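Subject: Structure for your attention

Dear colleague,

Please find below the sequence and structure that I am handing over to you. My notes on what was found follow directly after.

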Amino acid sequence: MAMRQISDRELHEECGVFGVFGVPDAASLSYYGLHALQHRGQEGAGIVAVDEGGIFRRIKGSGLVTEVFDEAKLATLKGNTAIGHVRYTTAGGGGIENVQPFLFRHNTGDFALAHNGNIVNSALLREYLENKGSLFQSTSDSEILAHLIKKETRYHDRPRIFSIIDALNMLEGAFAFLIMTANRIYACRDKYGLRPLAIGRLGDGYVVSSETCAFDVLGAEFVRDVEPGEIVTIDRQGIRSRDYSMYKRCEMCSMEYIYFARPDSDIDGCNVHAYRKESGRLLFKESPADADIVVGVPDSSLSAAMGYAEASGLPYEMGLIKNKYIGRTFIQPSQELREKGVRMKLSAVRSIVKGKRVVLVDDSIVRGTTSRRIVTMLKEAGATEVHVRIASPQMTHPCFYGVDTSTRDELISARKDLEGVREEICADSLAFLTPGALLKAGNRKELCMACFTGEYPTALYQSVDEANKDVKC
């Protein structure tokens, strides 16, 4: 995809979800909520609203939230309840048919569904359902839940939540699901706690969001996080909770703290900016550098760079400036122009870095090509030395939970040792944060660090073979 050609250092998380219950103009509120979550997905967006008569209406499209919706379109989405979705393409690929929320018509009642994460046993479940007669509208693994809800319930006369519980217990992987019926929203989180999901209060109603930063935009008050293995039912009676699994872990994806989430979000009670800043402090303690200034790579690395500078006593400088107006789908027609892509997004401030020994703080190294270009850019601007410090461990294993590193071949640290990576990116020195420091930064006992350690919290089913088939060691 064109956007990824611009900056191959960027990781992409599959999506963000947002829901509103019991508040007038729910679709318009969802629009603002999705806009606050735009960093979680820029390839497609959608909103489904339901009115008091139980009529579901949907608008979805490819592109940014502002490109998909306008005032006239939002006015057609009537009702006090709505769910919305922004996405990047990972499992299932792109295409308008994969843009969520999905809307399902059924004689037991229509419902809509939005999903953040990745189902690792999706291929097995899809084959199982297709053999039982299911016809899928999309190639997304998210649609599987809807078919399980309808096909696998043992008692069709029971309330829908029992069908949802049966279906969720067949899924393996990472997920935050919003399921909207005519009268309520169900908020569901995987039993490992891999993906975030929070509930807020707005007037006489409620909002649900992948990140708390969306609450601030609407003036909503944070109530609590959805717990791992929990279904929260939101309706006119308020909030009710039910555990669908007694196996509960709190293995939040570490990349939420390191890279994905906005710094003004709180995840599982920990502020993302504070976490990143403490990571920077710990990075200095583990890997000090003899240098003159500290520079962060905008935007997600700035908090860690501030922490590193504070701990080291070195001045924190804006040695790199990000161009916020680069086109989202800018296509470079030649390799020469692709090489210039990083310069379109980042510029070195020559008067700041010239003649200086620079500590360059970044959040991660994925493929290494953009790290090399940034180091080269700083040296061409006059930096005498560039010491790279990474506020996360070496990424050596693919992620199967909704992050678009699907094969080891994409990861430079899976193919090269520390010195090999340093040489590849042309740095004078290179150091990564340890896994133990990741836990310490957030005062956590558990985090999913599978991409760093190879210790996956779930069974992987077909995914591991797909990841290893392209390895070139």
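**The cysteines listed in the record**

Cys253 lies in the loop between S13 and helix H9 (254-260); helices (H or I, at least four residues) and strands (E, at least two) are DSSP runs, numbered from the N terminus. Please note that this is a predicted model, in which local features need pLDDT of at least 70 and side-chain atom pairs count only at pLDDT 80 or more, while totals for chains, interfaces and linings use all residues. Residues are numbered from 1 along each chain as its sequence is written, and side-chain values use heavy atoms, with hydrogens and water left out.

Cys253 counts as buried, at 7% relative accessibility (buried means under 20% relative accessible area, exposed over 50%, and partly exposed in between, with a 1.4 Å probe and protein chains only). Apart from neighbours within four places in sequence, Cys253 is in contact with Leu194, Arg195 and Cys448, where contact means heavy atoms within 4.5 Å.

Cys448 is itself in a loop, the one between helix H18 (435-441) and helix H19 (450-453). Cys448 is buried as well, with a relative accessible area of 6%. If residues up to four places away in sequence are not counted, Cys448 touches Leu194, Glu251, Met252, Cys253, Ser254, Tyr401 and Pro457.

**The nonpolar cores**

The largest nonpolar core has 50 residues, and Met255 and Tyr401 have the most contacts inside it. A nonpolar core is a set of buried Ala, Val, Leu, Ile, Met, Phe, Trp, Tyr and Cys residues joined through side-chain atoms within 4.5 Å. The elements that give two or more residues to this core are H9, helix H10 (272-286), helix H11 (302-312), strand S20 (357-362), H18 and H19. Of these, H9 gives the most, with 5 residues. Domain 1 (10-248) and domain 2 (270-322 + 330-451) both give residues to this core, so it lies between them; the domain bounds come from an automatic or database domain assignment.

With neighbours within four places in sequence left aside, the contacts of Tyr401 include Gly117, Asn118, Leu194, Arg195, Cys448 and Pro457. Another core, of 29 residues, lies apart from the largest one, and Ala26, Ala49, Phe69 and Ala214 are among its members.

Helix H2 (residues 26-36) is mostly covered, as 8 of its 11 residues are buried. Among the buried residues of H2 are Ala26, Leu29, Tyr31 and Leu34.

**Strands and sheet**

An open sheet of 6 strands has the order S5-S6-S7-S8-S12-S13, with antiparallel pairing; two strands pair if DSSP finds at least two bridges between them. Strand S5 (102-104) and strand S13 (238-243) are at the edges and have a single partner strand each, so one side of each is left without a neighbour in the sheet. Within this sheet, strand S8 (residues 185-189) and strand S12 (residues 230-235) pair in the antiparallel sense over 4 bridges, and Ile185 stands opposite Ile234 in S12.

Elsewhere, strand S2 (residues 44-50) and strand S3 (residues 56-62) form an antiparallel pair over 7 bridges. The bridge partner of Ala49 in S3 is Arg57. The hairpin of S2 and S3 has 5 residues between the strands, and Gly54 takes a positive phi near 80° in it.

**Backbone points to check**

Most residues other than glycine have a negative phi, and most peptide bonds are trans. The following places depart from that pattern.

- The peptide bond from Gln100 to Pro101 is cis, with omega near 5°; Pro101 lies in the loop between strand S4 (81-87) and S5.
- Pro298 and Asp299 are joined by a cis peptide bond, with omega about -5°. Asp299 is in the loop between strand S16 (293-296) and H11.
- Asp268 has a positive phi, near 50°, and is partly exposed, with a relative accessible area of 28%.
- Asn443 has a positive phi, near 55°. Asn443 is in the loop between H18 and H19 and is exposed, with a relative accessible area of 72%.

With kind regards
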